[in-house]
Every structure is written in structure tokens, then in C-alpha cells.
Amino acid sequence: MAKEHWDVIRAEFITSAVRAEQYPKPYLPEVAFIGRSNVGKSSLINSVCRRNGLARVSSSPGKTQTLNFYRLDAKRVTEQAEDRTQFYLVDLPGYGFAKTNHKNKEQWSGFIRKYLEEAPNLALVCQLMDIRHNLMDSDVEAYKWMQECGLNVHVVLTKADKLSRNAAMSQRAAFKKALGLAEEQITAYSVLQPTMRLDFINRIMAALTANSEVNLEE
């Protein structure tokens, strides 16, 4: 059974975009990563893809101003066969609302909203939050807005290796309760623990499989 997990075996940067006509072809299922600036998104992407430097870690948080598309190849070996598939990992710019209000959609950059609202092949949104801090208003705003849009959102608590095991478990439970998440809707992630990486990849692939009946835009 140990071999029957998905793994990312290849990843490459494809393009940056701000408009739909700039999105890459051929169309593939998409998994978007989003979170506050400085949440560790680039480090997480590099960890998942096992390619240091694939997503550049900026010394100036919030510098990413485009949708960055990466094409990933995933493989799973079972007793019956070897399965392979491709999908796009879409790195979205960081957010950070000043305070909770009813105009958050106006505060969010228009092309990010448009992508999330209209992307026909988006199977999963991974919303990253720093496990070391309490849940922030901007995280709650973004989560609720994406839920209202009918998006499939999975919460990823980054930098779990910065806390003790007990502290990380306590924070995970607190985030889970505050957002009303089911057990399978939240992951605590450490770039130092390979088992967390494989579990997270399997969660992504489960979402892609569940969404496979949706026809890709032609």
C-alpha cells in the first residue's frame, strides 16, 4: 500500500497572466494557491514540487502581481497499473485586507477575483494561513467570499515546523473550529516532513479526481 500514493514527478513554470486570453493551453485541471503576503506560499510550492527556486521567494512580501501557472506531472503506482496526470498549479498574489467590511471584493485586485469567479477548470483552492498566528480577519473574509462563490477550498496551515507538535495540533484544532471545517478540509504542513507532503498531494489529487467529470474548456 505504501506505493499507492500520488507524487509530483515533474514541474515547470509555464506563464504569467492577468487576463483570460493569457491563460495557458492546452487547458488542464487547475489548483490555485492563495494566502496573505509572507505566508510561505513560494516555499510550499517548491516543497510540493521538490524544486528549489521554482517559485521565487521574494525578500519583499506581496511583490507577486500576476497569476503564475506551473504545469505539474503526477504519478501513482498501484498493483494494477501506473497512473499519470497533468494539472496546473496557479500561484495567486497575496491578499491583505485592512479590516473586515462588506466591500472586500472591491479591495481585492480585479483580475484575481475574475479568475476565481470564472475559471472553468478550477478544481481546488488551497488557502494558506500561517499556523503561528491567530486567524486573521482577512483570512476569514477571503474564505467566506470563496465559499459564497461555490469554490472548493482546502485550508493549509504553513510553517508547522516552527511550532512544537502539541502547539501545532492545538492551532490546527482552533483554525478548524473557527472556520467550521471538516477533518479533510484542513492540512498542517511542514516543508521538513515528507509524509505531510505526500498526504497533501493526495488531497489535491482527490479533488482533481472528484472534479474530473467536469469538461475542460475547449
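1. Of the 9 residues of helix α1, 8 are buried, so the helix is largely enclosed by the rest of the structure. Buried denotes a relative accessible area under 20%, exposed one over 50%, and partly exposed the range in between (1.4 Å probe, protein chains only). The buried set consists of Lys-41, Ser-42, Leu-44, Ile-45, Asn-46, Ser-47, Val-48 and Cys-49.

2. The model is predicted: local features require pLDDT of at least 70 and side-chain atom pairs count only at pLDDT 80 or more, while totals for chains, interfaces and linings use all residues. Residues are numbered from 1 along each chain as its sequence is written, and side-chain values use heavy atoms, with hydrogens and water left out.

3. The protein has 6 helices and 7 strands, in the order β-β-α-β-β-α-α-β-α-β-α-β-α from the N terminus. Helices (H or I, at least four residues) and strands (E, at least two) are DSSP runs numbered from the N terminus. Of the 218 residues, 44% are buried.

4. Two packed helices are described by the angle between their axes and the distance between the axes. For α1 (residues 41-49) and α6 (residues 194-210), the angle is about 90 degrees and the axes are 10 Å apart. Axes are lines fitted to C-alpha atoms, for helices over the stretch in contact, and angles run from 0 to 180 degrees between N-to-C directions. The two helices are therefore roughly perpendicular to each other. Angles of 65 to 115 degrees fall in that class; those under 35 count as roughly parallel, those over 145 as roughly antiparallel, and the rest as oblique.

5. Leu-44, Ser-47 and Val-48 of α1 meet Arg-197, Phe-200 and Ile-201 of α6. By class, this contact has 4 nonpolar, 1 polar and 1 charged residues. Ala, Val, Leu, Ile, Met, Phe, Trp, Tyr, Cys and Pro count as nonpolar, Asp, Glu, Lys and Arg as charged, and the others, Gly among them, as polar.

6. Val-48 is buried, with a relative accessible area of 1%. Leaving aside neighbours within four places in sequence, Val-48 is in contact (heavy atoms within 4.5 Å) with Val-8, Tyr-189, Arg-197, Phe-200 and Ile-201. The C-alpha atoms of Val-48 and Arg-197 are separated by 6.2 Å, although the residues are 149 apart along the chain.

7. The largest nonpolar core has 35 residues, and those with the most contacts inside it are Leu-92, Tyr-115, Leu-116, Val-125 and Met-146. Another core, of 29 residues, lies apart from it and includes Val-48, Ala-55, Leu-124 and Leu-128. Such a core is a set of buried Ala, Val, Leu, Ile, Met, Phe, Trp, Tyr and Cys residues joined through side-chain atoms within 4.5 Å.

8. Most residues other than glycine have a negative phi, and most peptide bonds are trans. Asn-38, in the loop between β2 and α1, has a positive phi of about 70 degrees and is exposed at 56% relative accessible area. Arg-50 follows α1 with a positive phi near 55 degrees and counts as exposed at 56% relative accessibility. A cis peptide bond joins Lys-25 and Pro-26, with omega about 5 degrees; Pro-26 is found in the loop between β1 (6-17) and β2 (30-35).
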